[in-house]
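Have the model open and follow along.

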Amino acid sequence: MTRLRNAWPLLLLALVPVAACAAPGIPAFSVQTHGGTQTYTLTLQVLALMTALSLLPALLLMMTAFTRIVIVLGILRQALGAGQTPPNQVLLGLALFLTFFVMSPVIRQIDQLAYRPYAAGTLTAQAALDRAEVPLKEFMLHQTRESAIATFVHIAGGKGYAAPLDVPLSVLVPAFVTSELKTAFLIGFLLFIPFVIIDLVVASVLMSMGMMMVTPTLISLPFKLMLFVLVNGWSLVMGSLAASFYH
């Protein structure tokens, strides 16, 4: 639970470089009082924090393990053919907490290297932001294919970088997402194969028996569910997904 509590401040730290000195306030609204008019202002720090909160979902999607996990779980549900079971809320919640599990080493490094010194006042916001980028970049670079990075470097008109950590986030993030999409679809393809085989076998048996009016998916669904439960499918999928980030 401590890691989960530390996750949100670390994400906010990565988004909001707080100014060293007090920023001027922006008039927000006024209230009529007996002594006159009281004007309430909104500081730039609070405004930046509110903007950061709206960007957190995009940050979660584009810079963590969430994309690969949620796509694989969605493909798995389609392969099972169980309709909307498990529902979207369950899949998203499972993907979210598995993302925290996978990203816990990165969160721990950012907490020790950047957030704690920044919270103790021994590190400036910009220095903390620079330190926080390093573990996150290392994680993303480990999952990103060199061909994807080369593609976006070429699109950006660059000539390459001396070291992997020199790749800016503007190039690394789209390359990382592209690699995650490819990896997720490869894993989804492997998950689909056994369920497709069951569908083909059931369809062939029904046709050989002359039962063409019976929907094959109606008969194959119980067999697919039974197979998935017997092999302890959820544990295998969750374990394989988590291990795929640190192979």
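Ile193 counts as partly exposed because its relative accessibility is 36%; on this scale buried means under 20% relative accessible area, exposed over 50%, and partly exposed in between (1.4 Å probe, protein chains only). You'll find Ile193 in helix α7, where helices are DSSP runs (H or I, at least four residues) numbered from the N terminus. This is a predicted model, so local features need pLDDT of at least 70 and side-chain atom pairs count only at pLDDT 80 or more, while totals for chains, interfaces and linings use all residues. Residues are numbered from 1 along each chain as its sequence is written, and side-chain values use heavy atoms, with hydrogens and water left out.

Ile193 belongs to a nonpolar surface patch, together with Phe189, Leu190, Ile197, Val201, Val205, Met209 and Met211, and the accessible area comes to about 750 Å² together. Such patches take residues with over 30% relative accessible area and no salt bridge, joining nonpolar side chains (Val, Leu, Ile, Met, Phe, Trp, Tyr) within 5 Å and like charges within 9 Å. The areas come from the Shrake-Rupley method with a 1.4 Å probe, and for residues only the protein chains shown count as cover.

Now for the charges. The structure holds 3 salt bridges, each a side-chain nitrogen of Lys or Arg within 4 Å of a carboxyl oxygen of Asp or Glu. One of them joins Glu180 and Arg68 at 2.6 Å, N to O. That pair links distant parts of the chain, with Glu180 in helix α7 and Arg68 in helix α3 (residues 66-80), 112 residues apart. Glu180 counts as buried at 0% relative accessibility, and so does Arg68 at 2%.

Rings of Phe, Tyr and Trp (its six-membered ring) pair if their centres lie within 6.5 Å, with planes under 30 degrees apart stacked, over 60 edge-to-face and the rest tilted. By this rule there are 6 aromatic pairs. Phe139 and Phe176 make a tilted one, 6.3 Å centre to centre with 55 degrees between the planes. Both Phe139 and Phe176 are buried.

Definitions and conventions:
Helix = DSSP H or I, 4+ residues; strand = E, 2+ residues; numbered from the N terminus.
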